Structures are given as structure tokens and as C-alpha cells.
Amino acid sequence: MSIISVRDLVVEYDGRRVLDGLNLDIVPGEITVLLGGSGSGKSTLLRQILGLERPKSGSISIKGTDITCCSPADLKNLRRSIGVAFQSAALFNSLSLEDNVALTLREHTALAPSIIDLIVWLKLAVVGLADFGKLRPQELSGGMKKRAAVARALAMDPEILVLDEPSAGLDPIVAAELDELILFLKETFQITALVVTHELASAFRIADRIAMLFNGKLLAVGTKDEIRAIQHPRVRQFLNRVPDSPVHTPAFASHLERYVHGQEAKP
Amino acid sequence: MANLLETAGRETLNQFDYVGSLNIQFWATLRGMRMALPLIGNRHRWHAAAHQILEIGLNALPMVALMAMCSGFILAMQGASELRRFGALHFVIDLVAVGFTRELGPLLTAIAVSGRSGSAFAAEIGTMKVTEEIDALKVMAFEPVEFVLAPKYLAALVAVPCLSIVAALFGILAGGLFMLFSTHLDLLLYFRYVLTSIELRDVVAAMIKSLAFATIIAHVGCLEGLRVRGGPDAVGRSTTSAVVRSTFMVIVADAIFTTIFYFAGKT
């Protein structure tokens, strides 16, 4: 039984098809990585799963509720069981880190302030930011912001954790730390995670299952070993980091050669 | 010719789209505003609204007061230079009192608030759009209209009429100072004349105008912010557009209201 089920999903922007009849099942308790190049439709699929946009056709069921046709109240209830860390972290700049994490707890629960403070401290401690709760997002480094976004996503103890490009723009050490954090969260909280990335190393480190997207279609879905074994040319090209077409600049090369040998007038 | 018609048609549709969006946003914000009210609403929204009232009202007070003082002096001097020729200098009091209560108080305030707070609304919401904070609010099961727009609108509804009263008072005071220096008319006596020349319907008309201006400024600023697409440059454009559009709409609304009150006053 899948916790998220995408069926025949079609998404178009101004008549341009971005997702084309996509089918995907996300198994509870697993980390599913959406892998694909730029413009493959990863972020679009994510926005659809989060109910931020409506598809042209198809359905997306989360915990048995079709979010493409459910009521706004149902969607709101469903969203309380999903924690999302955006690519840009999307922390509220007017609030401190503590307040960012506490926001949903204060607004959606009747917990006492002392309990909320304790939960906030715990969530920040999980991501290693317990000592930075008083800081504002603009005072944090890129890696800290990403971890803070994860802490905020975990605030309501969600069943599903969605991470959009968690390691994008981070140095390899911080990116690796974030991968370990995601694995730690899965082990500790038995959380279902959907991670969107195009970082191969990160994907193969954390994934239980990888779904590869290309041009709005799902090329392959499987475990890490299954994906590695696939011989589909696009999958091989992506995994082996082969460019679409080699860069040919014969005119520039010959010009440069003449310039180096002094045959071309220097500017 | 076909291109011209095409452009005119597209622009007309865009304007209809804009007005339609403003209308939808207005009703949605009205529905969400209950949550921003003190005692019956959500205390976090009310706190946000109170903060915005201080931001729009208190912080703009010195600027609005100074603008009103300068305009009061200008109006009194310009009026006096003409009325003196007819031996009707005392009509300067009526001119300043009625002019500021009915017209210049609300209008000057609206122009100041539009430039100061309307642009700030657009910039704040536009930045929230660009940094995915609006999406973050949605996935955290918050209504952006209730969370962001309603406190701002409520604050504008409270602050703009209050500022209009202050602007009228300072404008009238400037007229009084002019009369004191030019004709040695006692300030107390001046204010007695002012009270006899102002009628209740002038104050009511000013309050109606102020509420309408506050609605225009808040909604145009917020809509411009919500329509931001792209990066930081789009935020800059939305800020400019918020000021230009809201100032234009305030003046058009002022003309409409003045016409209505003029004909209503004649009957």
C-alpha cells in the first residue's frame, strides 16, 4: 500500500506539456529520491504532490485522499501530516529560528508554551541548531538554513517529509552532513521521505528507491542497484554524466591557435 | 492596424483580469479578516495587525503631519493672495478648514501611505513569493490571505482614517498660524471659526474616502506582491507598480466620491 500514489498525471503550462502521464507510488517508511536533470519536471511533480498547483488530468492520492479534487479543508488537514523543506529553505525572515519552528505548533495545536519551547529545542537539536534558535534566518549560513528548514518541517511530527534539492548549493561536506541527517531521521522517526535532487552521490547515499524523470516522463523506478543496472541510454547518460552533445568550437579553437602563435593582431 | 487592435485587446483583457483579481482578493480578505480582529480572532493575527497599525500609522505620522503643515500654509497663502483683493480674507478659514477636512487630509494621507506602505506591502509579499515563503505558508496549512493580507488590510483600515484626521488637524493648524501672523487672528478664535465652518457630513465624507483609499492601497500593494513572478527585479517592478497604480486609483476614487458627495449635498 503506497502512501502517495500518482496516476496518469498530466501537467501543462501554456499548452507546453511538463508532465506527461506520470505514474508513481511512494512506499511508507522509505526514502524515495526523484532524480532528473534540469527541466525534467521534478519540481513540478513536487508542487503537484504538495497541492500547490492543479494538474490538467490525472490524480494524486495521499493517504487515500485524492488531492486533485478534495475540499480545501481536507487538503489543509492532509498538509498537517506533511513536512516540507524548500530548496530556498523559505524560512520567514521576520521570525527567529525558534519562532519559525514554533509557528505551526502555536497555530495548529493547543500545546502549552513551555511544551512548545521544549519541542522547538528538540527539533533544533536534531538538526544540530539548538544553540542558534535566537538567530534570524539572514544570520545563518546556507547549510544552517537548509537544516533549519528541516527542523521546521519536522515540527508537527509529519508522516511524510518532502525535501526539495536539500544539498543544492552546499559544499560537499555540508551536503554529506545533510544526507546523514536525512538517514538519521528515517532511522529514528520511521519517516517517509520524498527527496528531489539531481546530485547523484546524494541520491545513491540516501535512497531506498529512485525514480528517474526525463522530459516529464518517468524513465525508471527501482532500488539503487536496479537503477545502476538499467541500460536505458538516457539513464546511462545521466548516471555517467555524459553531455548531450560535445562542445564543438572549431572556429574559436582555430582563432585561439592563430592568436597564440601571433598570427592574429592582439587587441 | 491588426497589431494595434491586438495590443489594445490584450491590454483591455489584462486590465479586466487585474480588476477581477482585486475583487476576488478583496472578498477573500474580508472573509479572512475576522481572524485578525481582537477578542474574536486569532491573537497572532491580531498582534500582526497591531504591529502593522504602528508601522503604517505611527511611523508615518511625522511625514504626514509635515506634508499637511506645508500644504496648509500653501493653501492659506494662495487663498489669501486672491481673497484679499475682494476683502474676504476671513474666507481663508473656510477654505482651509473645509478643504482639509473633506479633501486634502484624506488625499495627502493616501498619497503618503501609498508611497510608504503600499510599496512596502508589495515588496514584502513579492519577496515572500520569490523566496517560496507563500508556498511554505500553504504547505504548513495556513491561508496566505488570512495570514499575510488580512492583518495588513485591517491595519490600513484603522491607520489611514486616523492619519487623515491628523493630516486635517495639522493642515488647519497651519492655516491658523498663517492667519495669526498675517492678520493677528487669535488661534482660539480661529479654531472657533473652523468648528462653525465644518459640518458633520464633511467629516463623514472624509472617513468614507479614507476607508476607500485604505482599501485601494492595501489591496493594490498586496496584489502587486502576489503577482510577482521571477526574481528580485520583479519585486522592484511590483513595488513601483504598486505606488503608481494605487496613487492613480486613489485619485480616480477621490474624483468619483467628490462627485457623489457634491450632488448628494445639493439635494
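A nonpolar core is a set of buried Ala, Val, Leu, Ile, Met, Phe, Trp, Tyr and Cys residues joined through C-beta atoms within 7 Å. I keep that in mind for the entries below. The model I am reading is predicted.

**Entry 1: the core**

I looked up the largest nonpolar core and found 138 residues in it. Those with the most contacts inside this core are A:Val33, A:Ala149, A:Val162, A:Ile182, A:Val195, B:Ala156 and B:Ile217. Which helix gives the most to this core? H6(B) does, with 20 residues.

I then picked out A:Ile182. I left aside its neighbours within four places in sequence. A:Ile182 is in contact with A:Ile31, A:Leu163, A:Pro166, A:Ala193, A:Val195 and A:Ile206.

**Entry 2: chain A as a whole**

I counted 10 helices and 10 strands in chain A. The C-alpha trace spans about 80 × 45 × 40 Å along its principal axes. Chain A has 267 residues, and 37% of them count as buried. I also checked its contacts with a separation of 6 or more. Residues 24 or more positions apart account for 63% of these.

**Entry 3: where A touches B**

How many residues does each chain bring to the contact? I find 15 from chain A and 10 from chain B. On the chain A side, helix H2 (72-79), strand S6 (82-85) and helix H3 (97-108) each supply at least two residues. H3(A) gives the most to that side, with 4 residues. By class, the chain A side divides into 7 nonpolar, 3 polar and 5 charged residues.

**Entry 4: H3 of chain B**

Helix H3 of chain B runs over residues 61-83, which is 23 residues. I read 32 Å from its first C-alpha to its last, close to the 33 Å expected. Its buried residues include B:Val64, B:Ala68, B:Ser71 and B:Gly72. B:Leu75, B:Ala76, B:Gly79 and B:Ala80 are buried too. What do the buried residues of H3(B) pack against? They pack against helix H4 (91-130) and helix H6 (144-183) of chain B.

**Entry 5: H1 against H6 in chain B**

H6(B) also packs with helix H1 (residues 2-32) of chain B. The angle is about 90°, and the axes are 9 Å apart. Angles of 65 to 115 degrees count as roughly perpendicular, so H1(B) and H6(B) are roughly perpendicular to each other. From H1(B), the contact uses B:Ala28, B:Thr29 and B:Gly32. From H6(B), it uses B:Val145, B:Glu146, B:Leu149, B:Ala150 and B:Tyr153. I sorted this contact by class: 5 nonpolar, 2 polar and 1 charged residues.

Notes. Residues numbered from 1 in each chain as written. Chains lettered and ligands numbered in written order. Predicted model: local features only at pLDDT ≥ 70, side-chain atom pairs only at ≥ 80, totals over all residues. Buried ≥ 20, exposed ≤ 12 C-beta atoms within 10 Å, placed from the backbone. Contact = placed C-beta atoms within 7 Å. Expected span 1.5 Å × (residues − 1). Nonpolar A, V, L, I, M, F, W, Y, C, P; charged D, E, K, R; others polar. Axes fitted to C-alpha atoms, helices over the stretch in contact; angles between N-to-C directions. Parallel < 35°, antiparallel > 145°, perpendicular 65-115°, else oblique.
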